Amino acid sequence: MRTPTPDPAAFPTRRYDLVREFTIALVLVVALTAGLAAVFSSPDDKPITLASWSRADPADFTATSVAELGGTSDTAQYGPPYNDTAGAAQKLGPVGLQQAAGVRIPIDTANDFVIRPLRTSPELPVVNAALAVWAAASPTRQQAWTGAYADALGKAPGGDPAKVAPGRYGPVPVLTARLLTLAQSGGLDGQLLTEGGSFYQTDYTRPLLFLSDGSYLEDKARAQHLGGDQWGMMNETGNFPGQAWLWLYTFWYQIDPFKSSGNADALVWGLMALLSLILVLVPFIPGLRSVPRFLGVYRLIWRDWYREHPRRR
Amino acid sequence: MSAPADEGWTGGWTGALRRRAVRRLPPEKLLPDTQPAYMASWIYVFGVLTVAALIAVLVSGGWLALEGPAWWHTSDVGHYVNSLHLWGVELFMFFMVVHLWGKFLMAAWRGRRGLTWVIGVIAFLASVGTAFTGYLVQQNFDSQWIAGQAKDGLNAVGIGAYFNVADFGQMLMWHIVLLPVVLGVLTVWHILLVRRHGIVPPIGATAPEGPEGDELPAEAPEGPGGTPEAPGASGEVRP
């Protein structure tokens, strides 16, 4: 039978200056922080704007615009909280928390990312005419145009809109070409941010989702070893330690069944929630709470005590 | 003159709260100048180092907040303060993880210290959330990429509908107001619990002859230098 843990007050004491220890620790930590900051600095790679993206890779921007217009982009088919795409929500076993949370941040990619920015900027008659043709067409016709244009862009050398073979694309080439011009001028960044008529804005959901739908952002990230299969978010641009404490979270994405599962995010979050709960409740879980006794590292920590009290071990 | 009406007044809720607080944490427990003799290992330093690093993080973060979120992108001084904040966080997390492992290996939850462990682990999880939102509000490429990746995990379990990592304003509030308040409360609570229950004795240790109960040995007759001599122990706490 184990001895009940005695009160520390029952043990002999030694002198101990708590305030002095804390003061020394604070001075040391401040000095160490100042030194590390001076030597290693901190990363600050500039953000990618819609303007810089569209100038650096107009083909990727145009292909993404067509996907947004045709409703085939990742965001357009994401499901909750952005839209109601059937079957898109992830599940944790039988539990569909993503679906249950509902569409709380509604996004219609064709209107929000392409049509409305073009409507709210001063346009040439040809663009206004293209917008009118688009609005008058049925969804089936719209998808036929965007599908055909997306295929043609894929076949064109370098995805260059100027080299696309002639075809039945409706107003799509005019709309996406004008959106490219708008983006390259820097106007689209502001328009996506202020949709809804706001002056003050802090919500970057629309521009970030648009940017994430292209391959330009991901290519840049993979070059910095930030991909999901490269331990993702625990890394940081440059040779900085990043969020090393997320290693266990990113670890699961590197192994099966998680890395090949369509429900990987839900599974990993569920697992991490469970592991976190176990960590919180360690003192109350039989077996787990006895692990330190078996490991025996405590004998090193209190070696002075056990040396003086061998029979009380 | 209201004195006659106050006769017999014991302080009401205020007095009851004060008496309870002082009974649970008398000044000599809150700020002890002695510790049990068995407290002699470098592992004990990491709790104090964690608190020290947290203060460094709060001060550098407060400085950044004073100047506004975009300041450090355009100012050399700002960039250095941001570097202080980053390395303060790295040290804070490192010290805290070592502290957590140390307390696990010592089974420090023994002797009715379960709540101390629970609050400490929740503080660790709150720190992860705070650091994560910090990365989101850097306003640079890292923030963009982390937001894009993190939304999938959060959305998959329904959290993203309410905690939108692409909403800079919302994340800034979490980072500089909500989570620091939570972390501050948990930290203070954790430290008060540690002070109240004292440092956990070694595994299997039985109390040598000495005062029992809530009395502190410091109040017992003292040896030379004001310190009851521990068997085989001498000098300072630290090895």
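Student: In which helix of chain A is A:Thr176 found?

Tutor: A:Thr176 is found in helix 8 of chain A, residues 172-184. Helices here are DSSP runs of H or I with at least four residues, strands are runs of E with at least two, and both are numbered from the N terminus. This is a predicted model, in which local features need pLDDT of at least 70 and side-chain atom pairs count only at pLDDT 80 or more, while totals for chains, interfaces and linings use all residues. Residues are numbered from 1 along each chain as its sequence is written, chains are lettered from A and ligands numbered from 1 in the order in which they are written, and side-chain values use heavy atoms, with hydrogens and water left out.

Student: Why does A:Thr176 count as buried?

Tutor: Buried means under 20% relative accessible area, exposed means over 50%, and partly exposed lies in between (1.4 Å probe, protein chains only). A:Thr176 has 1% relative accessibility, so it counts as buried.

Student: What does A:Thr176 contact, leaving aside its neighbours within four places in sequence?

Tutor: Contact means heavy atoms within 4.5 Å. By that rule A:Thr176 is in contact with A:Thr62, A:Ser65, A:Val66, A:Leu69 and A:Tyr149, its neighbours within four places in sequence left aside.

Student: Which backbone oxygen does the side chain of A:Thr176 reach?

Tutor: The side chain reaches the backbone oxygen of A:Pro173, at 3.4 Å. A polar contact is a pair of N or O atoms within 3.5 Å; within protein, one must be able to donate a hydrogen and the other to accept it, and residues adjacent in sequence count only if both atoms are side-chain atoms.

Student: Is B:Asn140 buried or exposed?

Tutor: B:Asn140 counts as buried, at 1% relative accessibility. B:Asn140 is found in the loop between helix 7 and helix 8 of chain B, and its side chain reaches the backbone nitrogen of B:Asp142 at 3.2 Å.

Student: Which residues does B:Asn140 touch, not counting those up to four places away in sequence?

Tutor: From chain A they are A:Pro43, A:Asp44, A:Asp45 and A:Pro47, and from chain B they are B:Trp72 and B:His73.

Student: How many residues of chain B are in contact with chain A?

Tutor: 119 residues of chain B are in contact with 98 residues of chain A. The area buried between the chains is about 9700 Å², with carbon and sulfur atoms giving 67% of it. Buried area is the accessible area (1.4 Å probe) that two parts lose on being put together, summed over both.

Student: Which three residues supply more than any other three of the area that chain B buries against chain A?

Tutor: B:Trp87, B:Phe141 and B:Trp145, which supply 9% of that area.

Student: How many salt bridges are counted between chain B and chain A?

Tutor: A salt bridge is a side-chain nitrogen of Lys or Arg within 4 Å of a carboxyl oxygen of Asp or Glu. Between chain B and chain A the count is zero. Residue pairs in polar contact between these chains number 27, both residues at pLDDT 80 or more. Helix 6 of chain B gives the most to the side that touches chain A, with 17 residues.

Student: In what sense do strand 1 of chain A and strand 1 of chain B pair?

Tutor: They pair in the antiparallel sense, over three bridges. Two strands pair if DSSP finds at least two bridges between them, so three bridges meet the rule.

Student: What makes A:Arg307 exposed?

Tutor: A:Arg307 has a relative accessible area of 54%, which is over 50%, so it is exposed. A:Asp304, at 31%, counts as partly exposed.

Student: How far apart are the closest N and O atoms of A:Arg222 and A:Asp229?

Tutor: The distance is 2.9 Å, and the pair forms a salt bridge. A:Arg222 is partly exposed because its relative accessible area is 31%.

Student: Why is B:Lys151 called buried?

Tutor: Its relative accessible area is 13%, so B:Lys151 is under the 20% limit and is buried. The side chains of B:Lys151 and B:Asp152 meet in a salt bridge at 3.2 Å, N to O.
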